[in-house]
Amino acid sequence: MSSEQDHLKETDTEARFEFKKEQNAAVKSDKGLTEEVIRMISEDKDEPDWMLERRLRALKQYHNMPMPTDWPGQPDLTELDVEEIVPYIRPDVDKREGVDDWTELPDEIKDTFDKLGIPEAEKNALSGVGAQYESEIVYQNMQDQWEEKGVIFMNMDRAVQEHPELVKEHFMTTCVPASDNKFAALHGAVWSGGSFVYVPEGVTVEMPVQAYFRMNSEGMGQFEHTLIIAEEGSEVHYIEGCSAPKYGVHNLHSGGVEVFVEEDAHVQYSTVQNWSKNTFNLNTKRAIVEENGTMEWISGSMGSKATMLYPCSILKGRGATDTHITIAFAGEGQDIDTGAKVYHNAPETKSTIESKSISKDGGRTNYRGLVHIADGAENSSTAVECDALMFDNESTSDTMPYMEIEESKVDVAHEATVGKIGDEDIFYLQSRGLDDDDAKKMIVAGFIEPITEELPIEYAVELNRLIELEMEGSLG
Amino acid sequence: MARLELSNLHAEVADGDEKILEGVNLEVKSGEIHALMGPNGSGKSTTAKVIAGHPAYEVTEGEVLLHLEEGEFGDEIEIDDDQRSWNILDLEPNERAALGIFLGFQYPAEIEGVTMTNFLRTALNAKIDEREELFEDEDADEDDEEDEGFETSPMEGPADEGEVGVAEFQQILQEKMEELDMDERFAQRYLNAGFSGGEKKQNEVLQAAILEPSIAVLDEIDSGLDIDRLQDVSNGINALRDEQGTGILQITHYQRILDYVEPDHVHVMLDGQIAKSGDASLAAELEDKGYDWVREEVYGTA
């Protein structure tokens, strides 16, 4: 390892996230959203015609849809000018689909990921790591043993070329169609990179499959697409981390996630995101869960100027189960609007939503949830719990839990608590020797413990560290 | 040997003008047990909180002095002559803790998600760090900056130099819990969350046993305890004094605990002042006759 890399690893977490590299793009699109830009992206990716057509159709839908402005209490999106966003940057990597040997990466990209600790995680013999830099997956590694069992984990762009049937059938068709909302349409038009995960029938992938997304350039948009297909009786845990440094111009992250949980399958999707505080983070994430399938969404949303993110599970088959665990942290000038959506469309379906939010220095968090239990979904149950922790009187936290219950034979529970971080609690810890800051950190660490205990250790540590940094106000 | 000295202490509620302490004088030394008794509202708990630095109270007059002696914190920390007396009212609560003040709470906070083990190890190490800072030779080099690198995990990482590591701490904790007859599952439970009243009190004594204070102020540590638990807690308090030489200020309403923890001195607090002091027999007298006779004796009115 070079001495420069050694140096990078020694720098602290703040520097690791704020670290920016000179842009060295092979291909960079124009700003804005025109048919020419879309054609250029598709051509650069050498895509089949059907994908180009889907992109162009999504672009039309995007232009025909209004911005969402009529939601009660929604984040202010007026500063977001999509026409000023560069939707596509391909970094200068020789092999288009990314390299599978870390050492082949250009130094600038290696350095960035080194600082983020990605090689560390990789070294710990995790089953697979994909790393996306700007719009492209630049590194991908997957243990051979999983490939032998038929597990596919690859760059989404490459999956379009190599697994066209699977992609054609599942990509933005039944789960998240481009017509779903304005940002899903945008995503459908300009999507690039992301992960494709396919787990064949009956296969259990014991180690988490991991991806890391890094947005490095000023004024860009990142639109990775994640498509996970878990066939009958299979099991997989997909985990992603995301970050971006801060620039003077607004960035946009508008990812799309589609998960197909077939009969008796089990998918856990975990994400720890830390966007810079000028990023608009507007995503659509959805799972369709078949009979006796289980979907678990675990997410930590940090950073961003505004986040609108409501992972959704459609419980389509009898006995399908959904779990949502989310945590949001909003500091000064941030509006984190997250929650969960669950549609109970079959009998004996079950959902659990646990939402935790922390607001500080005038930040705002909002839990926006929708639980819909359809007529005929008898013996279904849902339990929603929202806990908000506020640091001061300037910060705000709202809870908007919508419940649409059309079936009477169901069990519905909702519980919400909002509290200011307790002076007595802080004093208690101080009287035991912790200073004011450490006391607050310990209380917050305890508050988010249900999330961290679900995550692999590297991510749990990272999440704790990010929250500590947020509390010190040291992340730009 | 340490000595805590309350001198003409006046205090009121910070955001009001309600006077609570009106000239408290009291002295507690290492190895002594003092019982502080008195009716509700006489200022006993406020005294405890003011000693520990609770932000809800403002001291308007008087001092709380802590006198330390050589060897107070073992051989590792050398106490210079000019650092032997501290007016602890100038210090943050955590700094007071580092100097050896411990407050056992009547109603301890419940902190979800923080295990007893994690909490106690963090507290112990925080205290060690803070002591180093308080007694630091100003010319000493500052090379012990905390390592913020990726390699050390805040959850399981190796201990920094001078800190108590996970394995070492487990052993300390296990021993202390055995002494107090506590279930070992306690260690993995969240701090006070869902603890019964008795478990909370036992936990306060456990914390004192681990943090090894010079002076422990125990605020109604006996309330809400059944007889078995009262004995466990009392044994813990006696061990603090006998094994660590802790000086104890025991706030209580009842004679009951004093049957197990025999006080060297008993003080009666009335209207924000120590109205009368005596030996253990005073507690028995109070049990018999209540507080009114003290009031009569001191103020000449009932």
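This is a predicted model: local features need pLDDT of at least 70, side-chain atom pairs count only at pLDDT 80 or more; totals for chains, interfaces and linings use all residues.
1. pLDDT is the predictor's confidence in each residue, on a scale from 0 to 100. In chain A, the lowest confidence falls in helix H1 (residues 3-10), with a mean of 44, and the highest in strand E18 (residues 312-315), at 98. The mean pLDDT of chain A is 83, and 79% of its residues reach 70 or more.

2. For chain B, the mean pLDDT is 88, and 91% of the residues reach 70 or more. A segment to be read with caution here is residues 140-158 of chain B, where pLDDT stays under 50; the model has 25 contacts beyond four places in sequence for this segment. For the complex, the predictor gives an ipTM of 0.92 and a pTM of 0.77.

3. On the overall make-up of chain A: the chain has 14 helices and 25 strands. Of its 476 residues, 65% are buried. Among contacts in chain A with a separation of 6 or more, 83% are between residues 24 or more positions apart.

4. Helix H4 of chain A (residues 49-64) has 16 residues. From first C-alpha to last, H4(A) reaches 23 Å, close to the 22 Å expected at 1.5 Å a residue. Its buried residues are Trp50(A), Met51(A), Leu52(A), Arg54(A), Arg55(A), Leu56(A), Ala58(A), Leu59(A) and Tyr62(A); the list includes two arginines, Arg54(A) and Arg55(A). The cover over these buried residues includes helix H3 (35-44), helix H8 (156-162), helix H9 (164-170) and helix H10 (182-190) of chain A.

5. Val209(A) lies in strand E7 (residues 209-214) of chain A. Its relative accessibility is 0%, so Val209(A) counts as buried. Val209(A) and Phe153(A) are 56 residues apart in sequence, while their C-alpha atoms are 8.0 Å apart in space.

6. Most residues other than glycine have a negative phi. Glu348(A), however, has a phi near 55 degrees, a positive value in a residue other than glycine. Glu348(A) sits in the loop between strand E20 (335-344) and strand E21 (350-359) of chain A, and with a relative accessibility of 40% it counts as partly exposed. Asn379(A) has a phi near 60 degrees, again positive in a residue other than glycine. Asn379(A) belongs to the loop between strand E22 (364-373) and strand E23 (380-390) of chain A; its relative accessible area is 44%, and Asn379(A) is therefore partly exposed.

7. In chain B, helix H1 (residues 44-52) is largely enclosed by the rest of the structure, because seven of its nine residues are buried. These are Lys44(B), Thr46(B), Thr47(B), Ala48(B), Val50(B), Ile51(B) and Ala52(B). Just after H1(B), Gly53(B) has a positive phi of about 95 degrees.

8. The packing of two further helices of chain B may be described in some detail. The axes of helix H3 (residues 116-134) and helix H4 (residues 166-179) of chain B come within 11 Å and cross at roughly 105 degrees. Angles of 65 to 115 degrees count as roughly perpendicular, and H3(B) and H4(B) are therefore roughly perpendicular to each other. From H3(B), Thr117(B), Leu120(B), Arg121(B) and Leu124(B) meet Val166(B), Phe169(B), Gln170(B) and Leu173(B) of H4(B). By class, this contact has five nonpolar, two polar and one charged residues.

9. Val233(B) lies in helix H6 (residues 227-244) of chain B. At 0% relative accessibility, Val233(B) falls under the 20% cut-off and so counts as buried. Leaving aside residues up to four places away in sequence, Val233(B) touches Lys201(B), Gln202(B), Val205(B), Ile221(B) and Leu225(B). The C-alpha atoms of Val233(B) and Asp222(B) are separated by 7.9 Å, with the two residues eleven apart along the chain.

Note on methods
Residues are numbered from 1 along each chain as its sequence is written. Chains are lettered from A and ligands numbered from 1 in the order in which they are written. Side-chain values use heavy atoms; hydrogens and water are left out. Axes are lines fitted to C-alpha atoms, for helices over the stretch in contact, and angles run from 0 to 180 degrees between N-to-C directions. Helices (H or I, at least four residues) and strands (E, at least two) are DSSP runs, numbered from the N terminus. Angles under 35 degrees count as roughly parallel, over 145 as roughly antiparallel, 65 to 115 as roughly perpendicular and the rest as oblique. Contact means heavy atoms within 4.5 Å. Ala, Val, Leu, Ile, Met, Phe, Trp, Tyr, Cys and Pro count as nonpolar, Asp, Glu, Lys and Arg as charged, and the others, Gly among them, as polar. The expected span of a helix is 1.5 Å times one less than its number of residues. Buried means under 20% relative accessible area, exposed over 50%, partly exposed in between (1.4 Å probe, protein chains only).
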